[in-house]
Amino acid sequence: ESNEPIGIENFINVLQQSVYLPNRNTDGDFIFSIDHCFAIRGQGTIMTGTVTQGSIKLNDPVEIPSIKETRKVRTMQMFKKPVTRAQQGDRLGICVANFDSKLIERGYLCTPGAAMTIYGAVVRVNLIKYFKGTLNNKSKYHVTLAHDTVMAKLQLFQDDTNSNSEDSKNSILQKFIVLEKKFHLKRR
């Protein structure tokens, strides 16, 4: 028996060949997914999350689309170190002044005007086999897109494209979703 490691050099070579730096796109509007928001007395409101698109610098204006408020970025930190710039893929904390942290827990922060508001959508939905309930007109559901969740009221329309099909009556329906609160989508 030998105490020499077997295949460790091959393992290291495979790791080195498969590791790469991701391409990060700093173009386009700044979009930041907020996963937590809290206040620090004397500093401001801290929003932690991930930059999903674009880049940001200190003193850039940012908008909280769910409440249509704009603030300036006071400070930013990545892993407890101050930074002056962040780009797509970075996790950081962004500090803004004069904002009540109780107004948002999760959501988006973006370049002013980068998110549009919708109040309803027509969507095609396939029911999954694990859903045991029934879909009724004017029933209420939670609708989630990334970090935003709102209550919505459902208006059903039958899809006649497969009306002769056996599973058309219980698998494919057209639905009109009326949102009870504004819903914000990223502009493309």
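Visitor: Is Phe32 buried or exposed?

Guide: First, the ground rules. This is a predicted model, where local features need pLDDT of at least 70, side-chain atom pairs count only at pLDDT 80 or more, and totals for chains, interfaces and linings use all residues. Residues are numbered from 1 along each chain as its sequence is written, and side-chain values use heavy atoms, with hydrogens and water left out. Now the term: buried means under 20% relative accessible area, exposed over 50%, and partly exposed in between (1.4 Å probe, protein chains only). Phe32 has a relative accessible area of 0%, so Phe32 is buried. Phe30 is buried too, at 2%.

Visitor: How many aromatic pairs are there?

Guide: Rings of Phe, Tyr and Trp (its six-membered ring) pair if their centres lie within 6.5 Å. Planes under 30 degrees apart count as stacked, over 60 as edge-to-face, and the rest as tilted. The count here is one aromatic pair. In Phe30 and Phe32 the ring centres are 6.1 Å apart and the planes stand at 15 degrees, so this pair is stacked.

Visitor: Why is strand S8 described as largely enclosed?

Guide: Helices (H or I, at least four residues) and strands (E, at least two) are DSSP runs, numbered from the N terminus. S8 covers residues 91-96. Five of its six residues are buried, so the rest of the structure largely encloses the strand. Cys95 is buried, with a relative accessible area of 2%.

Visitor: Which strands pair with S8?

Guide: Two strands pair if DSSP finds at least two bridges between them. S2 (residues 44-53) pairs with S8 in the antiparallel sense, over six bridges. Gly49 has Leu92 in S8 as its bridge partner. S5 (residues 69-78) also runs antiparallel to S8, joined by four bridges. There, Val73 is partnered with Val96.

Visitor: Where is Lys72, and is it buried or exposed?

Guide: Lys72 is in strand S5. Lys72 is exposed, at 54% relative accessible area. Its C-alpha atom is 9.9 Å from that of Ile94, 22 residues apart along the chain.

Visitor: How many disulfides does a search find?

Guide: A disulfide is a pair of cysteine sulfur atoms within 2.5 Å. The search of the whole structure finds zero. Cys37 counts as buried, at 5% relative accessibility.

Visitor: What of helix H1?

Guide: Ile8 lies in H1 (residues 8-18). Ile8 is partly exposed, with a relative accessible area of 42%.
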